[in-house]
Amino acid sequence: MNGPVRIQVAVDVPLAGTFSYLTESPVMAGSRVSVSFGNRRLCGVVVTPIPGEGVPELDAARLRSIDGVLDGLPPLPEEFLALARFASDYYHHPLGQTLFTALPTGLREPRDVIRPDRRPFILTDAGLREAPPARQRARLALWQALQDGPLDLAAAKAVTPQAGKLLADWLAEGKAERATLEPPPLRLGDAPALNGEQQAALDALSASEGFQPWLLHGVTGSGKTEVYLRLIAEQLAARRQTLVLVPEINLTPQLINRFADRFPGSRIVVQHSHLADGERMHGWLDAWHGDADVVIGTRLSVFTPLPRLGLIVVDEEHDGSFKQQDGLRYHARDLAVWRARRAGIAILLGSATPSLETVANVEAGRYKRLALNRRAHGAARLPDVRLVDTRRKKLVEGLSEAVLEALKARLSRKEMSLVFINRRGFAPVVACTACGWTSGCPHCSAKLVVHLMERKLRCHHCGWEEPVPRACPDCGDPDIKPLGEGTQRLESALQRMLPEARVLRIDRDTTSRKDAWDEVYRKVHGGEVDILVGTQMLAKGHDFGTLSLVAALGADGGLYSADFRASERLFAQLMQVAGRAGRADAPGEVLVQTQWPDHPLYQALAAHDFDGYAATLLNERRQAGFPPSTFQALLRADSPALAQATAFLRQAREALEPLAEGVLISGPAPALMARLAQRERAQLVLESPQRGALHRLLHQLPPLLDGLAKTHGRALRWSLDVDPQEL
């Protein structure tokens with residue numbers, strides 16, 4: 001190849017497309033390179049092989065050369081690049097930003113990364129023949145230890161702290177080498193016997209060939225995880241990898257322990273945002289190079305490259321945490337399905353309360369459904385659900401007499417209870433009884449929540465804090481009061497009303513430390529807790545064997561939301577939290593305080609009738625023209641002034657309507673939270689019964705909107721959310 005040639009490089013900037021650079025020698029697609037971009041030095045990823053086929057010709061004299069190839073690692077695999085291209089195209093997000101969102105932090109910088117060589121050390125024939133003299137005690141001890149077999153670096157350092165230098169010297173002298181060992185035989189820990197439903201589900205899944213999405217619809221406590229483990233064992237026996245996606249970090253410690261017990265000799269890698277950057281990157285690299293057998297992680301793990309991928313599991317597939325709400329607004333469950341299709345493998349979506357999108361896919365025949373209708377534990381039954389009508393009952397600190405009596409009964413029987421309210425803090429708002437003032441956030445369309453122990457008012461949306469005032473800021477009346485209940489207030493009230501009870505509060509405030517969940521599990525399973533008080537964090541996948549009572553408070557607020565998904569979320573949340581009760585020998589009971597006991601949602605909850613209520617919601621969505629019967633995208637704009645955001649969206653609508661064949665455009669209108677962090681927010685809704693028609697319009701949006709936005713100055717920002725989960 002004569003002279004410099006042109007390649008296309010993606011960089012982490014908010015601009016569409018890729019950028020042309022020159023190189024003197026071939027560079028493979030997927031290679032990380034160092035490039036100059038403006039006055040910055042950035043890491044880039046080569047996305048087209050030389051010579052950049054299909055890219056418009058440019059004057060080579062105007063192009064820069066790459067600074068160098070970062071070749072400490074091989075090029076990123078094609079499966080990773082293909083997934084990033086699809087995500088960029090489907091969510092209409094710049095390819096460069098998509099790629100670098102998917103990469104671990106350590107691979108986003110323009111520096112070389114060398115993957116540690118973890119292969120153990122062995123002595124060569126030359127090393128075996130030459131024993132160190134007795135006076136060199138450290139050398140002799142290490143040499144003798146290596147006689148017994150290969151040693152990794154950690155084991156070698158346990159023999160002598162000088163092992164690192166000694167082994168480096170012996171490698172250079174040809175006295176030691178790295179061993180390539182055969183993978184150990186699969187070891188499996190003890191497993192419980194399967195019931196008939198679990199065995200039937202496992203048989204169907206084991207017989208599946210090629211790409212097939214499966215819904216494992218099992219009631220809470222039905223043993224879905226055991227089915228996952230059996231399937232993963234089959235993958236491990238066939239030397240294939242498994243990707244397991246979970247919605248929340250707090251689910252991983254319990255799950256990791258269970259996986260480690262079942263697969264004691266297998267390499268299990270964890271991927272989530274609370275890991276240190278280096279730990280996360282090295283786990284990602286191990287997965288990419290085939291050294292990890294199972295990857296368990298939150299939504300970003302869907303991008304982890306796995307060369308031997310044989311199965312994908314999405315646990316609690318309904319959970320909203322799988323949808324990223326800023327930047328690249330992807331849905332990990334949907335990307336996982338696309339990835340399984342491309343790899344030609346099965347994907348298993350597990351939930352007690354499947355999303356309506358998944359239910360609709362089952363009805364359409366695109367997914368197959370497997371049902372687990374009874375609990376796995378022999379004595380366990382679904383809990384009795386009782387609706388506590390609070391319309392004519394006096395509540396004490398938000399608690400009815402029925403709930404207090406039930407808590408006392410569990411205390412006397414030494415059984416654990418859970419009091420659920422999806423509001424952290426002491427109270428949702430402070431109000432003045434004289435003039436009606438309430439504690440609003442100065443930067444958001446939200447109320448400031450009382451955090452009494454810190455004596456702070458705090459916004460849970462933008463983070464603004466201020467002291468609790470001693471008197472009303474408007475009229476000066478000192479008689480201001482907290483209204484409503486949060487987890488802090490309930491914790492304090494229960495400690496006062498039931499002084500003998502050991503109360504543990506679990507919310508985002510108490511679990512922010514890295515090891516907080518380990519401490520929670522230790523206390524719960526050690527019998528040190530009588531009453532748990534918590535938010536929706538406790539509704540997801542936790543298994544507390546002695547928990548026999550769940551009391552749900554403050555649920556009615558979900559019935560008043562303007563978001564059409566609110567009732568689906570509330571129903572799933574209440575079914576999930578109710579499912580924490582009665583999972584072992586003690587029978588379970590659920591008390592739901594409500595002013596609307598006759599509402600169809602609560603009636604379905606009491607009857608454990610997910611299928612019936614889901615059918616009702618799907619029919620309502622079809623009649624109203626809401627997803628999943630239609631496909632949506634939200635065009636959002638925010639600015640210091642609502643008028644500017646609205647004017648931009650109005651211009652966008654005028655420009656789009658002539659192009660919007662088969663697409664309905666609604667708005668502009670203020671967002672449900674119209675003000676966030678001192679910025680006013682408005683939106684357009686674009687929807688169509690045909691996904692293709694919607695995306696044909698969306699592909700024309702970025703260049704059109706970039707031009708419009710320039711006329712409004714830098715203060716205006718816009719974003720596009722495809723398949724939005726929040727309005």
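The entries below go from the cores to a helix pair and then to the backbone.

**Ground rules.** I noted that this is a predicted model, in which local features need pLDDT of at least 70 and side-chain atom pairs count only at pLDDT 80 or more, while totals for chains, interfaces and linings use all residues. Residues are numbered from 1 along each chain as its sequence is written, and side-chain values use heavy atoms, with hydrogens and water left out.

**Cores.** I looked up the nonpolar cores, meaning sets of buried Ala, Val, Leu, Ile, Met, Phe, Trp, Tyr and Cys residues joined through side-chain atoms within 4.5 Å; buried is under 20% relative accessible area, exposed over 50%, and partly exposed in between, with a 1.4 Å probe and protein chains only. The largest has 77 residues, and Phe 80, Leu 99, Phe 303, Ile 312, Tyr 330 and Leu 686 have the most contacts inside it. Helix H1 (residues 78-91) gives the largest share of this core, eight residues; helices (H or I, at least four residues) and strands (E, at least two) are DSSP runs numbered from the N terminus. Apart from this core lies another, of 41 residues, among them Met 575 and Ala 604.

I then followed Leu 686, counting contact as heavy atoms within 4.5 Å. Leaving aside neighbours within four places in sequence, its partners include Phe 631, Leu 656, Ile 665 and Leu 698.

**A helix pair.** I found that the axes of H7 (residues 196-207) and H8 (residues 224-237) come within 10 Å and cross at roughly 35°, where axes are lines fitted to C-alpha atoms over the stretch in contact and angles run from 0 to 180 degrees between N-to-C directions. Gln 198, Leu 202, Leu 205 and Ser 206 in H7 meet Glu 226, Val 227, Arg 230, Leu 231 and Glu 234 in H8.

**Backbone.** Most residues other than glycine have a negative phi, and most peptide bonds are trans, so I listed the exceptions I came across. The bond from Pro 627 to Pro 628 is cis, with omega near 10°, and Pro 628 sits in the loop between helix H18 (610-624) and strand S26 (631-639). Another cis bond joins Gly 667 and Pro 668, with omega about 10°, and Pro 668 lies in strand S27 (residues 664-676).

Lys 414, not a glycine, has a positive phi of about 60°, and its 74% relative accessibility makes it exposed. Asp 723 also has a positive phi, about 55°, and is found in the segment after strand S29 (717-722); at 18% relative accessibility, Asp 723 counts as buried.
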